[in-house]
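Biologist: Hi! Could you walk me through a bit of this model?
Modeller: Happy to, here it is.
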Amino acid sequence: MPNVHVFDHPLIRHKLTILRDKRTGHKEFRELTQELAMLMAYEATRHHPVREIKVETPLATTTGWSIAGQEIAVIPILRAGLAMEEAITRLIPTARVGHIGIYREHDTLQPVSYFVKLPLDIAERQSMILDPMLATGGSTVAAIDTLKERGARSIKVMAIISAPEGIKKVHAAHPDVDIYTGAVDSHLNEKGYIVPGLGDAGDRLFGTK
């Protein structure tokens with residue numbers, strides 16, 4: 001699939017398997033989600049530009065490297081994306097953070113937006129949309145629409161698990177957006193859940209029903 005990057009790192013595969021297990025409690029689930037987000041961000045930023053700088057060690061002057069190019073904006077989709085955001089901002093503490101609140105209407109499965117708060121300079125930043133599950137793709141497309149309406153042009157999507165239907169929907173609407181994911185599962189069921197998936201990520205993260 002074009003513009004889809006599926007991570008095959010052993011640590012990601014191992015932690016994702018534990019995350020799927022229905023016996024995994026919400027505390028461990030939240031910790032695993034954060035660990036996976038950090039590992040995935042590490043891989044997703046592999047080709048971020050750097051610039052050469054000089055640095056003084058206690059013994060000598062040497063050459064080092066500093067992040068260059070566009071600054072990053074981390075955009076979790078509420079509420080499940082919050083756990084991923086916390087991990088990634090530990091890895092990239094200079095990132096600005098925006099929030100987009102979207103829920104999926106139970107009967108129609110259509111996205112409903114209820115909150116948007118973004119950095120003022122979002123158009124100049126590389127935006128990274130975070131959501132553990134890319135299922136129908138409706139919420140992700142709505143989030144990308146929101147960012148582009150505010151001038152953002154460099155956008156990545158990071159999802160721990162994705163469904164083929166969601167990937168297809170995102171790329172039909174926004175073929176320029178890259179998707180980074182830990183797994184592409186089989187399909188969506190009649191309720192819009194990813195199969196085999198891991199259930200409702202938000203409920204498992206926060207211990208709700």
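Predicted model: local features only at pLDDT ≥ 70, side-chain atom pairs only at ≥ 80, totals over all residues.
Biologist: Which residues are buried in α4?
Modeller: In α4, the buried ones are Gly138, Ser139, Thr140, Val141, Ala142, Ala143, Ile144, Thr146 and Leu147. Buried means under 20% relative accessible area, with over 50% being exposed and partly exposed in between (1.4 Å probe, protein chains only). That is 9 of the 12 residues of α4, a helix that is mostly covered.
Biologist: OK, how do α4 and α5 cross?
Modeller: The axes of α4 (residues 138-149) and α5 (residues 164-173) come within 8 Å and cross at roughly 25°. Axes are lines fitted to C-alpha atoms, for helices over the stretch in contact, with angles from 0 to 180 degrees between N-to-C directions. Helices are DSSP runs (H or I, at least four residues), numbered from the N terminus. The two are therefore roughly parallel to each other, the term for angles under 35 degrees.
Biologist: Which residues make the contact?
Modeller: Gly138, Thr140, Val141 and Ile144 come from α4, and Lys169, Val170 and Ala173 from α5. Contact means heavy atoms within 4.5 Å.
Biologist: New topic: where is threonine 33?
Modeller: Threonine 33 sits in helix α2 (residues 26-44), and it counts as buried because its relative accessibility is 1%.

Methods
Residues numbered from 1 in each chain as written. Heavy atoms only, no water. Parallel < 35°, antiparallel > 145°, perpendicular 65-115°, else oblique.
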